[in-house]
Amino acid sequence: MSLLNTLIVKVTQMLPKSMVRVFAGKYIAGEELQDAINLVKQLNSKGIFATLDVLGESIQNKEEAIEAKKKCIEVIEAIETNKLMANLSIKPTQMGLAIDEEFAFQQILEIVQKAKSFNNFVRIDMEDSPFTDPTIRVYKKVNEKIGHVGVVLQAYLKRTLSDIEQLNKLGTNYRICKGIYVEPESIAYKKRQAIRDNFLKALRLMLENRNYVGIATHDDYLIGNSYKMIKEMNIPKDKFEFQMLLGVKEELRDRINSDGYKVRIYVPFGEDWFAYSIRRLKENPQIAGYVFKNIFSFGK
Ligand code: FDA
């Protein structure tokens, strides 16, 4: 962690909530479901899709996990009622994966069943490495039972290519991303180019099998090479989409959209935005640099 980033993380934690809200606002739709619905409508009017994420801090007990599940079901219903071009992303630990795997499976199953009833879709986000295996197990079980679900793989993990070999057999709907957590060198690539190389190898393996892929990155290098790969492999447009985070590189987002490719924006919302923002800063101090840039570009 650079000295500057360390400093920014420390200072941010001491700032009043209202001030943190100024920069966090760029990355978060708001506190209420209605805020997220309004934002998604704006994106949809430009032909851009969304995936909604109900923010939540690490779940301590089953009651909290059940509450989180109810909110997710409300989101699925709101997507249907408002006819939004959107699906839902969920964090498995928010559904109780760290407490009890079978319980989390049942919770996720319930959410996906609701999504299926509206012909919608749920993406299971991938968290840090202690949860990789349990998340894949839960994904497989839900997928086998009812479908309408997809999983995320992280290019920084050395295991990812062999996970794809297994998951390709199930016709998996993937999101591929670099990975946001801090992982040990024994299991994860650390160098920027090594992560990019593995991202592209992973993408090729997924596309070769004609699996659906959400290509989640803001990295021009990866987007340029994904374009090339898609053309060279003659991949139909209904087999992939580009995915980006709310508030990040909007010009690039619009360019991909106007190139005629499907773009989906990850839209987090909820009361826990403050804890979420601070946690993201601590997890990945690189984000502190972006925050710093945002504070000083505020009002431009
Ligand atoms: P990189 O970090 O190199 O960013 C490229 C450029 O984009 C930067 O130079 C900067 O300009 C800009 N940028 C990137 N992130 C920014 C930010 N937060 N704020 C401002 N500017 C930023 N991870 C994970 O472990 N599990 C998951 O389930 C997901 N899910 C997910 C969904 C979607 C839709 C996206 C886009 C990303 C994720 N991620 C994730 C996060 C992912 O693993 C990764 O940490 C970030 O996307 C940043 O990596 P890039 O590929 O964008 O490259």
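Start at Phe 49. Phe 49 stands opposite Arg 264 in strand 8. Strands here are DSSP runs of E with at least two residues, and helices are runs of H or I with at least four, numbered from the N terminus. Strand 1, residues 49-54, runs parallel to strand 8, residues 263-269, and six bridges join them. Two strands count as paired if DSSP finds at least two bridges between them.

A word on the source. This is a predicted model, where local features need pLDDT of at least 70, side-chain atom pairs count only at pLDDT 80 or more, and totals for chains, interfaces and linings use all residues. Residues are numbered from 1 along each chain as its sequence is written, and side-chain values use heavy atoms, with hydrogens and water left out.

Now the whole sheet. Eight strands close into a barrel, in the order 1-2-3-4-5-6-7-8, with parallel pairing. On average, neighbouring strands are turned by 30° against each other, direction ignored. Axes are lines fitted to C-alpha atoms, for helices over the stretch in contact, and angles run from 0 to 180 degrees between N-to-C directions.

Next, helices on the sheet. Helix 6, residues 132-145, packs there and touches strand 3 (122-124) and strand 4 (149-154). Its direction makes about 155° with that of strand 4. Contact means heavy atoms within 4.5 Å. Helix 9, residues 220-232, also packs on the sheet, touching strand 6 (213-216) and strand 7 (240-245). Helix 9 makes about 170° with the direction of strand 7.

Stay with helix 6 for a moment. Asn 143 sits in it. Beyond its neighbours within four places in sequence, Asn 143 is in contact with Val 149 and Leu 170. Asn 143 and Leu 170 are 27 residues apart in sequence, and 8.4 Å apart in space, C-alpha to C-alpha.

Last, the ligand. How many residues surround the ligand? The number is 23, and the closest are Met 126, Lys 178, Gly 179, Thr 217 and His 218. To be near, a residue needs a heavy atom within 4 Å. Strand 7 gives the most to this shell, with three residues.

Polar contacts are pairs of N or O atoms within 3.5 Å. A polar side-chain atom of His 218 lies 2.7 Å from a ligand oxygen. For Arg 192, a polar side-chain atom is 3.2 Å from an oxygen atom of the ligand.

Methods
A polar contact is a pair of N or O atoms within 3.5 Å; within protein, one must be able to donate a hydrogen and the other to accept it, and residues adjacent in sequence count only if both atoms are side-chain atoms.
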